[in-house]
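Please have the sequence and the model at hand while reading.

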Amino acid sequence: MTGQIQVVAHRGNSSVAPQNTLAAFEAAWRAGADSIELDVQLTADGEVVVIHDDTLDATTDATGRVDALPLAGVRAVDAGSWFAPAYAGQRVPTFTELLDFLVTHPGIDLLLEIKGDWGPDDVRKVTEPVLRAGLADRVIGQSFWPSTVAALQKVAPDLRRGLLIGELSDGLLATCADLGVMTCNPAGHLLVERPGLVDELHAAGLQVMVWTLNEPAQWTLALVAGVDAVITDRPDRLRGWLAAR
Ligand code: G3P
Ligand code: CA
């Protein structure tokens, strides 16, 4: 991640296809995104699925908590028709489907966000398949939960990892050092609140992937601040905007 700013498709290309579905990942790939960002949760029977919320309510035709249903129940719901009729039949992806997608789509990497406080046994459910598939150099694991990042550090110390932050804290650099993260990934508003933030993180040896910026004025701000990557719902537009500069 050197030189040119990286384009990271937030939940896939979620402006043109239902977020966190294979259709959105395919659209991100077609848009020329460098990476796909997505979110994983656990089902009632401990399987890993790709979905942002801890409920099905907003992005499927069903309701209720993801962790209240077994995998078969989550797989039975429709994750596409809420977005547009053309996407009816899209499913909540399994982790296996996601890795198959990566294998069949070289040239696009994965920024894997673990939602929630996962211990080592659950974290292994993502790290071991990634390592077995030979995809370690294409995956960065990240979380808002320092405890989850610590579990990543423990079970797969060689897999790159990042800490997401939605607010600033005094001990941030020390936390990043303790967790051995490669990236510290702030909300966009933090670049405004703390204009020197990216420089501070770079000086600590950290890369910076900012989220979630969808407008040219925000992209300009990120570029001037010197971020390494922009996470966006509009990877095609960001790609075009960067090319035109
Ligand atoms: O990866 C950064 C961003 O996705 C974090 O926020 O809520 O979209 O998962 P959220
Ligand atoms: Ca996310």
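## The loop residue N13

N13 lies in the loop between β1 and α1, where helices (H or I, at least four residues) and strands (E, at least two) are DSSP runs numbered from the N terminus. The model is predicted, so that local features need pLDDT of at least 70 and side-chain atom pairs count only at pLDDT 80 or more, while totals for chains, interfaces and linings use all residues. Residues are numbered from 1 along each chain as its sequence is written, and chains are lettered from A and ligands numbered from 1 in the order in which they are written.

N13 counts as buried, because it has 26 C-beta neighbours inside 10 Å; the term requires 20 or more other C-beta atoms within 10 Å of the residue's own, with exposed meaning 12 or fewer, partly exposed in between, and C-beta atoms placed from the backbone. Leaving aside residues up to four places away in sequence, N13 touches A24, A27, A28, A31, P235 and D236, a contact being two C-beta atoms, placed from the backbone, within 7 Å. The C-alpha atoms of N13 and E37 are separated by 9.4 Å, although these residues are 24 apart along the chain.

## Positive phi in the loop

Most residues other than glycine have a negative phi. R11, in the loop between β1 (6-10) and α1 (22-30), has a positive phi near 60°, and N20, placed in the loop between β1 and α1, has a positive phi near 55°.

## Around ligand 1

The residues around ligand 1 include H10, E37 and D39, each with its C-beta atom, placed from the backbone, within 6 Å of the molecule.
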